[in-house]
Amino acid sequence: MTAQALERRSPANSSDYSVRRPLLLPLFGTFLLLLVTFALSAHWLTEKIKMEIIFNDIKNIQDKLDYELHEHAAFFESQMLILSLSDAVRHHFLNGDRQQLMQEILPVFTALQTNQVTHFYFHRADKSNFLRVHHPGLFDDPIQRTVLEQAAQTGRFAFGSEVGRTGTLTLRAVLPWRFENRIIGYLELGKEIEHFVANLQLAFRVPLFTFIERKQLDLQQWQDTSAQFGIGLDQASFSNLVFIGNRETIYPKGLASYIQNSQWRAEEVMQTIAASDQSETYFFSLAIRDIHQTVVCRIIGQIDFARYGDILATHIQTVLLIGLLLILLLGLLFNRLLALLEEKISASAQQLKSSDNILRNTLEAFEQGIVVINGEGVITHSNSRFSTFWNLAPSHLQQQKVELLLPVILERSKNGPASLAEWMEEGKRKEGSRKTGKQTILRLKDGRSLQHKTFPLTCRQKPCGQVWVFDDITREQAMERQELNALQSRIAISALLETAVEPLSLEKQLNVAMDIILTVPWLSILYKGSIFLLDEEGKQLNMVAQRGLHPHLLEACAQLPLGYCLCGRAAQTRQLIYQPHITPDHDVSYPEMKPHGHYCVPILSRDTLLGVLNLYVPDEHRYSPEEEAFLTTICYTLASLIELRSTKMSLQEQEMFATTLLNTAPSLVVVTDLQGQITLFNQACQQLTGYDEQSVLGQPLLPLLIPAENHEEVRRIWQQLREQQAPNHHEAYWITQAGEPRLISWSNNVVRASDGTLRGIIATGMDITARKQAEERLQHLAGHDPLTGVFNRRLFHENLSTAIAYTLRDEGKLAVLYLDLDHFKPINDRLGHAAGDQLLIEVVQRLQALIRKSDTLARMGGDEFAIILTNVTAPVFVEHVANKILSELTEPFIIQGEICRIGTSIGIALLPEHGQNSDSLLKQADHAMYTAKEQGRNQYRFAPPGH
């Protein structure tokens with residue numbers, strides 16, 4: 001609709017639009033010149049055209065024969081499919097009752113014989129014959145045919161031309177007969193090729209004679225069965241060929257000599273054309289091949305060359321007469337044609353206006369900001385959401401050049417486009433396809449984030465504009481950033497806790513802690529900082545760990561009195577100090593010092609000052625409550641580590657303190673011995689799983705908490721950790737006591753004894769179940785309609801492309817149904833959008849109940865839907881589904897207490913008849929749907945043949 005609205009243009013003054021009368025004289029002169037030229041060249045072209053017409057007629061005969069063979073094969077398949085569903089026929093077949101089966105099937109065979117069907121078989125599953133309806137006296141013999149073998153090997157319908165026992169060629173079709181998911185036998189129908197030739201002779205009014213090469217004919221078999229088929233033969237008149245057909249046939253003059261000179265043996269049909277003794281008579285030969293591509297029959301036709309000359313002369317005279325009549329009528333009809341043209345232009349203008357209103361209402365329904373740009377770079381449409389994003393009045397955008405948007409975007413965003421041409425070129429690269437261009441994230445100065453996408457528009461296979469979509473993703477990015485910050489914070493705290501069990505000195509431990517804090521990705525700090533500890537007298541701070549400090553600072557800040565500079569005042573006040581830049585109370589300075597800010601956080605343990613954490617931030621850094629909360633938590637963790645290392649605790653007290661520390665940690669901490677038995681299970685683990693520590697200590701971790709299918713993977717990770725003795729990471733599920741699976745992100749390390757030997761494994765983890773579920777929900781929303789939950793247009797295209805690839809590989813069939821609800825808009829306007837949404841939901845529920853699980857349903861937008869039907873055996877199956885949909889959707893809906901009646905118009909396209917890719921199939925189905933609407937609605941239409 002968008003592309004059509006962009007493409008269609010009515011003249012500025014359509015009501016005054018007219019074709020200039022001076023066009024009449026040039027038009028008349030040109031036509032007269034063409035007529036004279038045609039008359040002068042007609043004689044010269046007559047002979048050549050006659051030969052080309054003959055060639056075309058011969059080719060049409062050959063094509064018609066191929067077409068008839070395929071059409072009859074499809075007819076045979078539909079008839080056998082109907083028979084295979086008959087309970088009575090199946091009952092007699094399975095019971096081995098030939099007589100009852102013959103009585104049941106004889107009326108069917110009689111009807112088929114009116115269509116010249118000559119063979120009708122029932123075969124068992126072992127490919128032995130059960131009943132020949134056309135020859136009931138012969139049965140129980142094994143059937144050895146290529147077509148039957150193909151059907152047995154593939155389990156699908158097979159057909160082809162094959163030589164029978166008599167030596168004649170027969171079109172045979174075999175259908176595997178299935179019941180309760182097994183093949184119980186095979187159905188076979190056949191028709192002699194000679195009957196097809198007789199029909200061709202009637203259709204083209206050209207004498208055609210069917211011959212069999214003498215070596216192919218079994219005379220005895222032929223005499224036994226020819227009476228059943230109504231076909232005679234003549235084996236005496238010709239030496240190399242045997243004529244098959246009506247015994248009363250009279251051969252034309254020259255046929256015997258044509259056969260005798262063997263020119264009919266040529267490979268190319270045009271090479272077989274030869275003149276007879278009569279100069280106006282020609283003969284040609286068509287080779288008929290069996291399923292193995294072996295030539296077994298010849299169709300020899302007679303051409304009356306004089307007849308074509310008469311036809312051509314008649315045509316030329318007719319053309320000249322029509323030309324004269326056209327010249328006479330042209331003047332009378334010219335004014336009328338101009339009037340009709342002007343009326344059509346006016347109607348097109350009204351239709352364009354209506355389409356434009358529909359497009360504007362559709363754009364307003366989107367939550368994204370949308371602007372439509374035509375091929376000249378002019379803004380034709382935009383919705384109110386787009387105007388809100390950029391604080392623009394909608395009236396200021398219409399019919400304006402899109403380049404006027406660039407200053408607004410640059411002014412209100414931090415990372416706008418380098419140039420308008422960059423965006424326009426990106427869209428042009430993708431024009432003509434359904435794919436989007438490059439996605440751009442715009443950071444606005446007011447803190448919002450907009451995702452920009454470019455979609456190309458095509459009109460009649462030509463580029464005609466672009467659609468720009470802006471989506472506010474501020475909230476989603478904030479949630480992702482918060483989750484990522486929380487994960488990184490937990491990892492940092494877990495890493496600090498892991499150092500508690502390492503045999504390190506306090507100074508080394510604090511230096512490791514400094515590295516961990518400075519490398520937290522989301523913190524906006526410089527890689528510079530220090531940790532001070534309060535001396536035993538409580539009068540000054542001593543620097544014990546630092547990273548990236550200037551030598552002057554190392555000397556000046558080695559010892560700081562309480563209250564001196566920012567770190568001393570943070571220790572004295574026991575309050576966090578934040579400074580975004582250097583202020584007069586920054587007592588320590590040196591000439592090379594660059595502008596910067598500080599976080600100075602006191603390290604407290606139960607109101608006891610232990611030291612100060614000093615971190616550097618960029619100049620004019622914006623204060624963040626989230627950073628302050630995290631640094632406060634870090635300092636509480638550092639206080640625990642300092643007390644654990646600096647106080648003279650007994651070994652038992654240290655272990656008790658470490659256990660308390662681990663139990664208060666927000667991360668999951670579990671320790672196992674070398675046999676995989678749990679030796680520590682902190683409070684976070686207990687809260688997550690529902691197990692108390694006493695019930696799990698000494699229990700093996702794998703069978704208690706980890707699903708059985710993941711045991712080998714976890715054992716491999718543990719073994720890798722023991723061998724490499726380097727930390728590793730993995731994700732695994734835990735099963736809680738209530739049976740709920742929770743996905744945990746683990747960081748693993750080894751635990752050593754004082755002598756360096758391995759004692760076990762310590763693992764710290766974080767529950768990421770909620771984050772994974774959120775990611776899955778986002779991924780689901782990207783491919784599904786948010787209202788109905790079915791596939792959206794993007795995922796439908798992907799599924800259709802995949803289904804087409806599989807169907808073409810298996811040489812099967814596939815159908816695409818395109819649905820547009822009838823009378824939906826009046827209900828939506830009268831009852832409101834909420835009622836319209838409820839009606840769409842109930843429509844989807846009914847459609848899902850009508851199709852198979854292997855089929856695909858998608859909402860293409862508004863009140864349009866599409867369905868993919870796979871494994872289609874015949875068009876009759878698609879018609880059956882379409883009729884069920886029409887019947888179901890005409891049943892009334894109860895919406896908000898009111899009875900609502902709708903219908904649907906359905907367009908159907910088949911693979912491979914109407915296209916071999918998703919775009920062509922959808923286009924054909926869409927056109928067929930509009931045909932159904934124009935012809936009265938609430939009906940289905942197939943795409944026209946030949947597309």
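## Ground rules

This is a predicted model, where local features need pLDDT of at least 70, side-chain atom pairs count only at pLDDT 80 or more, and totals for chains, interfaces and linings use all residues. Residues are numbered from 1 along each chain as its sequence is written, and side-chain values use heavy atoms, with hydrogens and water left out.

## Strand E33

E33 covers residues 903-911; strands (E, at least two residues) and helices (H or I, at least four) are DSSP runs numbered from the N terminus. Nine of its nine residues are buried, meaning under 20% relative accessible area with a 1.4 Å probe and protein chains only (exposed is over 50%, partly exposed in between). Gly903, Ser905, Gly907, Ala909 and Leu911 point one way, while Thr904, Ile906, Ile908 and Leu910 point the other.

## Its partners

Strands count as paired if DSSP finds at least two bridges between them. E33 pairs with E28 (residues 814-822) in the antiparallel sense over nine bridges, and Gly903 is the bridge partner of Asp822.

With E34 (residues 940-942), E33 pairs in the parallel sense over three bridges; there, Arg941 partners Gly907.

## Thr856

Thr856 sits in strand E29 (residues 856-861). It counts as buried because its relative accessibility is 12%. Beyond its neighbours within four places in sequence, Thr856 is in contact (heavy atoms within 4.5 Å) with Phe791, Phe796, Asn799, Ile851, Ala866, Ile867 and Ile868.
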